[in-house]
Amino acid sequence: MPEIKEFTFPSSTGRNDIFVRKYIPDAEPRGIVQIAHGISEHIGRYEGFMEFLAEKGFIAVGNDHLGHGKSVTDPADRGFFSEEDGWTHAVDDMDKLHDMMCEEHPGLPYIFFGHSMGSFLTRTYLIRYPDKPDLAVLCGTGHQAKAAVIAGLTLAETAVKTHGARTVGEKLNSVAFGSYNSGYDEVRTDYDWISSDPDAVDKYIADPDCGGIATVGLFRDMMGGIKFLTDPANIAKMNKELPVLFISGWADPVGENGKGVKRAYKAFCEAGMKYVHIKLYPGDRHELLNEKNKDEVMNDILGWIEKKLDK
């Protein structure tokens, strides 16, 4: 059985502690996979994937982002990054964890896995720290049009100025996620877009650390981050030799049923990225690791990682 360690480290904000969970394989580790979770969830939801990776010989590690999970000690911080530079702080925390892992386990291949908001944070990381990752897997991502990103950012910035960054963003939440169930014939809950597996949806709803509405400050930070990472001039700063795998469900509204994922893939290729791959899963929705075919997805991720490391 893998050894599980939990610890915290000081956030780059200077006022928060970041919670980390780490799974260590019994055998000599083959590499490190660092996981970045999505909005309104936490690293504990990746337990099955982290156990799977550790059983296959990889150290699996991930942190609860600012305002999420066990990185929240003050209830006022839930769904909130920072008064200023929140996106930068969240990425800096990921980098701090990366450096800690490399110091503790030097010389191992380093893989980033980012889901949803975590995929956008990871894409920002690939731009800011192009020489640190060896591989990257981007799950449940998208690539919004510039006009839509600017419109969303303007709405969020206006809400911050009007109501304050810590105000719960109910209207912004409705704009961002309100239409996500519209593509399905039968809708049982507000979160059916997460997975086609009703049990997975119910488990998400029952989790007190999931599903909360983020603050307008976090929406501002995220839209600013998306504006940064979709800029072709910034995409061009990534390591052209870095292998990247895009995975998503064909029925995932975050990726516009594959259209947004294809735009992201195309943007990477046009930037000169040499080893970009994409796989879309028929019938699957947003959370591939909580879909009915999650075992297939995990084995596909592992197979791609092993193939790239062998090269």
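About 480 Å³ of space lies in the second largest pocket of this predicted model. Of the 18 residues lining the second largest pocket, those closest to its centre are Arg-45, Gly-48, Lys-203, Asn-290 and Lys-294. Two or more lining residues are given to the second largest pocket by each of helix H1 (47-55), helix H6 (198-206) and helix H10 (294-310). H1 provides the largest share of this lining, with four residues. By class, the lining of the second largest pocket consists of seven nonpolar, three polar and eight charged residues.

The largest pocket has a volume of about 1,000 Å³. Its lining comprises 47 residues, of which Val-175, Ala-176, Phe-177, Tyr-180 and Val-254 are the closest to the centre. At least two residues of the lining of the largest pocket come from each of helix H3 (117-128), helix H4 (146-163), helix H5 (170-177) and helix H7 (216-229). The class division for the largest pocket is 25 nonpolar, 16 polar and six charged residues.

One cavity of 30 Å³ or more is present in the structure. The largest cavity holds about 50 Å³ of space. The residues lining the largest cavity are Glu-41, Arg-45, Tyr-46, His-115, Cys-139, Glu-287, Leu-288, Leu-289 and Asn-290. Four of these cavity-lining residues are nonpolar, two are polar and three are charged. Arg-45 and Asn-290, which belong to the lining of the largest cavity, are also among the residues closest to the centre of the second largest pocket.

The strands were examined next. Eight strands make up an open sheet with mixed pairing, in the order E1-E2-E4-E3-E5-E6-E7-E8. From one strand to the next, the twist averages 20°.

Within the sheet, strand E6 (residues 135-139) and strand E7 (residues 244-249) are paired in the parallel sense over four bridges. In this pair, Ala-136 is placed opposite Val-244 in E7. Helix H3, which supplies at least two residues of the lining of the largest pocket, packs on the sheet and touches strand E3 (31-36), strand E5 (110-115) and E6. The direction of H3 makes about 140° with that of E5. Helix H9 (residues 259-270) likewise packs on the sheet, where its contacts are with E6, E7 and E8. The direction of H9 makes about 175° with that of E8.

At the other end of the strand order, E1 and E2 pair in the antiparallel sense over eight bridges. Ile-4 stands opposite Tyr-23 in E2. The hairpin of E1 and E2 has six residues between the strands, and Gly-14 in this hairpin takes a positive phi near 85°. Thr-13 lies in the loop between strand E1 (3-10) and strand E2 (17-24). A polar atom of the Thr-13 side chain is 3.2 Å from the backbone nitrogen of Arg-15. When residues up to four places away in sequence are not counted, Thr-13 touches Leu-66, Phe-81, Ser-82 and His-89.

Terms used. Residues numbered from 1 in each chain as written. Predicted model: local features only at pLDDT ≥ 70, side-chain atom pairs only at ≥ 80, totals over all residues. Heavy atoms only, no water. 1 Å grid on protein atoms, 1.4 Å probe; cavity = no way out; pocket = protein on both sides within 12 Å on 5 of 7 lines; lining within 4 Å. Points joined across faces, edges and corners; volume = space filled by probe spheres on them. Nonpolar A, V, L, I, M, F, W, Y, C, P; charged D, E, K, R; others polar. Polar contact = N/O pair within 3.5 Å; in protein donor to acceptor, adjacent residues only side chain to side chain. Contact = heavy atoms within 4.5 Å. Pairing = 2+ DSSP bridges. Axes fitted to C-alpha atoms, helices over the stretch in contact; angles between N-to-C directions.
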